[in-house]
Amino acid sequence: MDILISQLVAGVSIGSVLLLVAVGLSLTFGQMGVINMAHGEFIMVGAYTTYVVQRILVDAGLSLLFAIPAAFVVAGALGLIIEQFLIRHLYRRPLDTLLATFGVGLVLQQVARDVFGAQAVDVAVPGWLQGNLQVFGAVVPYSRLFILVLSIAVVGAVVLFMAKSPAGRQIRATVLNRDLAETSGISSRRMDRMTFFLGSGLAGVAGVAVTLIGSTGPTIGTSYIVDAFLVVVAGGIGKIKGAVIAAFTLGVLQALIEYSTSASLAKFFVLVIVVAFLQLRPQGLFAVKTRSLA
């Protein structure tokens, strides 16, 4: 029983990180039709931002709290720059965005190697996140619980922003019908920039979370990008509700399968399950009309 609970906790923790990554990816893919292969490198940027903040603020607990908004702003600003100078010229050409952002990702990895070195670096875990919680005999690390709480808080803030704020409603209107939104006076160009900033910033926050799990290196984002795309496709492109369900489901599935096999086989079986699911429901859990489907 305690082993099952431990695996469920590990799966929920994996799902929490995937959720932070996939929500941003879902927004940019759903609204703008951009297949952003550099999204994983925004995770890397967030992770290195956490490392830099901790070098400036020695206190590990204080630096972690400062790193969350800092990673959001730095990764979001970088995404905004890439959107402004590259991606906006490739709208309505999703395959071109895939190739271009793949190249951008390689460049960002090399920049990280030049600045921080090829060797992975470690971020100190605050004292108040060290230790474990006992749940029905299972050991649950406080750091994993923090990642879960962070994921729920961030996604909840995004949902509130999209539902209650004027900017969020304009983004939703642009996703549903871009031409009609422009006719209503909404600047789709401004919404595109805002969406890309938001999506990239969420990946940066995911980068903060992954520093609590392991070391930070230039290729850390590649470990999550494929799984994040699986979450987006399985949950339904552009649907946050679908991303939440798919992220936690895939995370738990992977953890449970990994217990009796290996990490590689678990990823393979999860991929097979997602492919089989998409054969039955190609639009994912939830469908939305987007520019790419119009």
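## A tour of helices and salt bridges

Start by selecting residues 145-163: this span is 100% helix and 0% strand, with its end C-alpha atoms 27 Å apart. Helices here are DSSP runs of H or I with at least four residues, strands are E runs of at least two, and both are numbered from the N terminus. What you have open is a predicted model, in which local features need pLDDT of at least 70 and side-chain atom pairs count only at pLDDT 80 or more, while totals for chains, interfaces and linings use all residues. Residues are numbered from 1 along each chain as its sequence is written, and side-chain values use heavy atoms, leaving out hydrogens and water.

**Next stop: helix H5**

Which residues of H5 are buried? Show the side chains of Ser-143, Phe-146, Ile-147, Leu-150, Ser-151, Val-154, Val-155, Val-158 and Met-162 to see them. Buried means under 20% relative accessible area, exposed over 50% and partly exposed in between (1.4 Å probe, protein chains only). As you look along the helix, keep in mind that an α-helix has 3.6 residues a turn, so residues three or four places apart point the same way.

**Then the record**

UniProt, in an unreviewed entry, places "transmembrane region" features at several spans, including 145-163 and 265-282. Such annotations may be inferred rather than shown by experiment. Select residues 265-282 and you find 89% helix and 0% strand, with end C-alpha atoms 24 Å apart.

**Last stop: the salt bridges**

How many salt bridges are there? The count is three, taking a side-chain nitrogen of Lys or Arg within 4 Å of a carboxyl oxygen of Asp or Glu.

- Pick Glu-83 and Arg-189, whose closest N and O atoms are 2.8 Å apart. Glu-83 is in helix H3 (residues 60-85) and Arg-189 in helix H8 (residues 188-210), so this pair ties together parts 106 residues apart in sequence. Glu-83 is buried at 0% relative accessible area, whereas Arg-189 is partly exposed at 23%.
- Pick Lys-267 and Asp-227, with closest N and O atoms 2.7 Å apart. This pair links helix H11 (residues 263-280) to helix H9 (residues 222-235), 40 residues apart. Lys-267 is partly exposed at 35%, while Asp-227 is buried at 12%.
- Pick Asp-96 and Arg-93, which meet at 2.7 Å, N to O. Asp-96 is partly exposed at 30%, and Arg-93 is partly exposed at 40%.
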